[in-house]
Structure formats: C-alpha cells, structure tokens
Amino acid sequence: PGNSGGPLINARGEVIGMITAGVGINQGYGMSWAVPASALVPFGEDADLNPVIVQMYQGALDREPTQVEYDFWEQTALIDFLGSPGRCTDYSALALAVFGSPEYLAKGATDDEFIDDLYAAILDRVTEEGPSGREFYQARLDEGMTRLEVVDYFISSDEFCRRVVFA
C-alpha cells in the first residue's frame with residue numbers, strides 16, 4: 001500500500017524484500033528503500049498478536065506475516081486489537097492489500113479458490129456451500145463485481161464485524 005510497507009517482488013513473483021520508505025513517488029519520480037527478505041523473520045504464536053492480521057495472511061497467502069508486515073498493519077493501519085476493538089472496516093485496507101498483492105495474484109487462484117481463501121482469511125472458516133455462500137459470491141463475480149469489490153463485501157459483512165468486535 002502506498003510507497004511503504006509492501007512486499008518487494010522480483011519478476012518471478014517472489015518476495016525479495018519489504019519496502020520500508022519512499023520519497024518523490026507522487027511527483028512522477030521516486031526512490032524506495034527496502035529491507036532484504038533474508039532480514040524478514042516470520043514470527044510464531046503469541047497471545048498478544050492481533051488474530052485478524054495473522055489470519056488474513058494465513059488464509060490468503062498460506063503464511064504468517066513477517067514482523068515488519070505485522071507491525072505495519074498494527075501501527076499504520078490504525079488497528080488496535082489490544083486497546084478498544086476497531087470498526088470492521090478498519091481492516092479493509094489490510095484485506096485489499098493482501099488480496100491485491102503480487103504475492104496473492106501470483107497464486108493464480110480460480111474463482112472457487114479465491115472464494116475459499118476469502119472464507120479462510122476473513123471469516124476464519126471453511127466456505128459455506130449453497131445459495132448464501134459460494135454460489136452467492138460466484139454470482140457476484142459473474143455479474144461483473146471485481147475480486148477486490150468482493151473482498152470489501154466480505155469485510156463489510158455482519159459476520160466479520162462480529163468476529164472483530166468479539167476477537
């Protein structure tokens with residue numbers, strides 16, 4: 001997102017670093033700085049971690065966020081799990097960034113896999129089959145809704161909002 005906090009991807013779609021800062025991007029030129037991937041350390045289970053951030057990465061990218069990624073979303077995205085529960089829409093930027101990332105796009109997920117990933121990452125459960133589950137979201141895609149619009153639909157759902165408030 002923006003010019004800081006996102007993954008640095010090579011031509012093969014591999015994460016080779018994490019962009020940490022940038023200048024001059026909006027002026028049509030710019031320079032960014034990145035931490036090499038070898039310095040990015042995934043972290044294990046910790047009772048103080050915001051489970052929504054961790055689950056978003058696990059469900060969509062099949063990995064935990066690095067410490068840099070976690071810290072970015074915990075601090076910059078104004079998600080305050082340990083204080084007061086945020087609004088569910090506070091997680092919209094996180095979800096859109098993860099599902100719109102080159103890393104996720106490189107997976108080449110089919111619509112069925114994409115819907116499964118949404119359920120896993122956002123609702124932390126298996127995909128519901130039938131007219132109020134997979135069929136509903138597939139119909140939205142078939143009607144021309146973009147994948148990122150479907151991501152936002154999930155984030156705005158009552159189920160996700162209840163999950164955030166009671167996490």
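Which residues does Gln 138 touch, not counting residues up to four places away in sequence? In the predicted model, Gln 138 touches Asp 111, Asp 112 and Ile 115. Gln 138 is found in helix α6 and counts as buried, at 17% relative accessibility.

The secondary structure of the protein comprises eight helices and three strands. Of the 167 residues, 40% count as buried. The accessible surface amounts to about 8,900 Å², and carbon and sulfur atoms account for 55% of that area. Among contacts between residues at least 6 apart in sequence, 47% join residues at least 24 apart.

The average pLDDT of the protein is 77, and 66% of the residues score at least 70. Over residues 43–47, pLDDT stays under 50, and the model has eight contacts beyond four places in sequence for this segment. Residues 78–85 form another segment in which pLDDT stays under 50, here with 18 contacts beyond four places in sequence. Where pLDDT is low, the predicted coordinates should not be read in detail.

The nonpolar interior was examined next. In soluble globular proteins, nonpolar side chains tend to be buried together. The largest nonpolar core of this model has 32 residues, and Met 56, Phe 99, Phe 114 and Ile 122 are those with the most contacts inside it. Two or more residues of this core are given by each of the elements α1 (51–61), α2 (67–76), α3, α5, α6, α7 (147–155) and α8 (158–165). The surroundings of Ile 122 illustrate the packing. Beyond residues up to four places away in sequence, Ile 122 touches Met 56, Ala 95, Phe 99, Val 151, Phe 154, Ile 155 and Phe 160, and also Asp 117 and Arg 163.

Two of these partners, Ala 95 and Phe 99, are also among the buried residues of helix α3. In this helix, which spans residues 92–99, the buried positions are Ser 92, Leu 94, Ala 95, Val 98 and Phe 99. Viewed down the axis of α3, the buried residues fall within an arc of 165°, so they line one face of the helix.

Charged side chains contribute eleven salt bridges to the structure. One of them joins Glu 69 and Arg 63, with a distance of 2.9 Å from N to O. Glu 69 counts as buried, at 3% relative accessibility, whereas Arg 63 is partly exposed, with a relative accessible area of 22%. Another salt bridge is formed by Lys 107 and Asp 117, whose closest N and O atoms are 3.3 Å apart. Lys 107 lies in the loop between α4 (102–105) and α5 (111–123), while Asp 117 lies in helix α5, so this pair ties together parts that are ten residues apart in sequence. Lys 107 is partly exposed, with a relative accessible area of 34%; Asp 117 is buried, at 11%. Asp 117 is also one of the residues that Ile 122 touches.

A salt bridge between the side chains of Arg 134 and Asp 116 has an N to O distance of 2.7 Å. Arg 134 is located in helix α6 (residues 134–142) and Asp 116 in helix α5, so the pair ties together parts that are 18 residues apart in sequence. The relative accessible area of Arg 134 is 15%, and the residue is buried, whereas Asp 116 counts as partly exposed at 30%.

Backbone geometry sets two aspartates apart for comment. Most residues other than glycine have a negative phi, and most peptide bonds are trans. Asp 62, although not a glycine, has a positive phi of about 60°. Asp 62 is found in the loop between α1 and α2 and is exposed, with a relative accessible area of 58%. Asp 124 likewise has a positive phi, of about 55°, and is not a glycine. Asp 124 has its place in the loop between α5 and α6 and counts as partly exposed, at 43% relative accessibility.

Conventions: Residues are numbered from 1 along each chain as its sequence is written. This is a predicted model: local features need pLDDT of at least 70, side-chain atom pairs count only at pLDDT 80 or more; totals for chains, interfaces and linings use all residues. Side-chain values use heavy atoms; hydrogens and water are left out. Buried means under 20% relative accessible area, exposed over 50%, partly exposed in between (1.4 Å probe, protein chains only). Helices (H or I, at least four residues) and strands (E, at least two) are DSSP runs, numbered from the N terminus. The arc is that of the directions from the helix axis to the C-beta atoms. A salt bridge is a side-chain nitrogen of Lys or Arg within 4 Å of a carboxyl oxygen of Asp or Glu. Contact means heavy atoms within 4.5 Å. Accessible areas come from the Shrake-Rupley method with a 1.4 Å probe; for residues, only the protein chains shown count as cover. A nonpolar core is a set of buried Ala, Val, Leu, Ile, Met, Phe, Trp, Tyr and Cys residues joined through side-chain atoms within 4.5 Å. pLDDT is the predictor's confidence in each residue, from 0 to 100.
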